[in-house]
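I opened this model to take notes on its fold, its helix packing and its pockets. The entries follow in the order I looked things up.

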Amino acid sequence: MKLIKVITVIAAITLSFAIAFAAGNAADGKKLFNDPALAGSSNSRSCNTCHPGGKGLEEAGTRKFTTFMGTGMTSLEEVINTCITNPLGGRALEEDSKEMQDIVAYIKSLGK
């Protein structure tokens, strides 16, 4: 019986760390948000160029559907990649990449 409790506690701790990692790191996301080299950007712009201090993104982390640049989008990741590939001139990030998770975490933190 004690062994089952120990295994359950270990599993819960492991799951907590996995969820925390998957959620992204807002501090790392803020660094990427301000980095003009994000995703191989071909110019000197960063996300912060158009959104200084995250201005205008306060509700971005809570929206389910949006229209951006004339196109309907269903996820924050899709909007981020549109900004990266168009104004920044970079390459799209994989939606499950650490960089994407970190930027999403930072943008979501702006609404708090």
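**Entry 1: overall**

I started with burial across the chain. Buried residues make up 29% of the 112 residues in the protein chain. I keep in mind that this is a predicted model.

Next I listed the elements. I find 5 helices and 2 strands in the protein chain. From the N terminus on, they run α-α-α-β-β-α-α.

Then I checked contact range. Of the contacts with a separation of 6 or more, 56% are between residues 24 or more positions apart.

**Entry 2: α4**

How many of the residues of α4 are buried? I get 7 of the 10, so α4 is largely enclosed by the rest of the structure. The buried ones are Leu76, Val79, Ile80, Asn81, Thr82, Cys83 and Ile84. I then asked what covers them. The cover includes β1, β2 (71–73) and α5.

I picked out Thr82, which is found in helix α4. Its relative accessibility is 13%, and the cut-off for buried is under 20%, so Thr82 counts as buried. Leaving aside neighbours within four places in sequence, I see Thr82 in contact with Phe68, Met69, Met73 and Pro87. The C-alpha atoms of Thr82 and Phe68 are separated by 8.5 Å, and the two residues are 14 apart along the chain.

**Entry 3: α4 against α5**

At what angle do α4 and α5 pack? The angle is about 105°, and the axes are 10 Å apart. That makes α4 roughly perpendicular to α5. On the α4 side, the contact is made by Leu76, Glu77, Ile80 and Asn81. On the α5 side, I list Met100, Ile103, Val104 and Ile107. By class, I have 6 nonpolar, 1 polar and 1 charged residues in the contact of α4 with α5.

**Entry 4: α2 against α5**

I turned to the other packing partner on my list. Helix α2 (residues 26–33) packs with α5 at an angle of about 100°. The axes of α2 and α5 are 7 Å apart. That makes α2 roughly perpendicular to α5.

From α2, I list Ala26, Asp28, Gly29, Lys30, Leu32 and Phe33. They meet Lys98, Glu99, Asp102, Ile103, Ala105, Tyr106 and Ser109 in α5. The residues of the contact of α2 with α5 divide into 6 nonpolar, 2 polar and 5 charged. I note that Ile103 is listed in the contact with α2 and also in the contact with α4.

**Entry 5: the largest pocket**

What volume does the largest pocket have? I read about 410 Å³. I count 25 residues in its lining. His51, Leu57, Phe68, Val79 and Cys83 lie nearest the centre of the largest pocket. The elements that give two or more residues to the lining are α3 (47–50), β1 (66–68), α4 (76–85) and α5 (98–109).

Which element gives the most to the lining of the largest pocket? It is α4, with 4 residues. By class, the lining has 16 nonpolar, 7 polar and 2 charged residues. Val79 and Cys83, listed here nearest the pocket centre, are also on my list of buried residues in α4.

**Entry 6: single residues**

I looked at Ala39 for its backbone. Ala39 is found in the loop between α2 and α3. The phi of Ala39 is near 55°, a positive value in a residue other than glycine. Most residues other than glycine have a negative phi. At 8% relative accessibility, Ala39 counts as buried.

Next came Thr49, which lies in helix α3. At 47% relative accessibility, Thr49 counts as partly exposed. Thr49 and Asn34 are 15 residues apart in sequence and 8.0 Å apart in space, C-alpha to C-alpha.

Is Lys64 buried or exposed? I find Lys64 exposed, with a relative accessible area of 62%. Lys64 lies in the loop between α3 and β1. Not counting residues up to four places away in sequence, Lys64 touches Met73, Thr74 and Ser75. Lys64 and Leu76 are 12 residues apart in sequence, with 8.1 Å from C-alpha to C-alpha. I had already noted Leu76 as buried in α4.

Notes:
Residues numbered from 1 in each chain as written. Predicted model: local features only at pLDDT ≥ 70, side-chain atom pairs only at ≥ 80, totals over all residues. Heavy atoms only, no water. 1 Å grid on protein atoms, 1.4 Å probe; cavity = no way out; pocket = protein on both sides within 12 Å on 5 of 7 lines; lining within 4 Å. Points joined across faces, edges and corners; volume = space filled by probe spheres on them. Nonpolar A, V, L, I, M, F, W, Y, C, P; charged D, E, K, R; others polar. Axes fitted to C-alpha atoms, helices over the stretch in contact; angles between N-to-C directions. Parallel < 35°, antiparallel > 145°, perpendicular 65-115°, else oblique. Contact = heavy atoms within 4.5 Å. Buried < 20%, exposed > 50% of the residue type's maximum accessible area, 1.4 Å probe, protein only.
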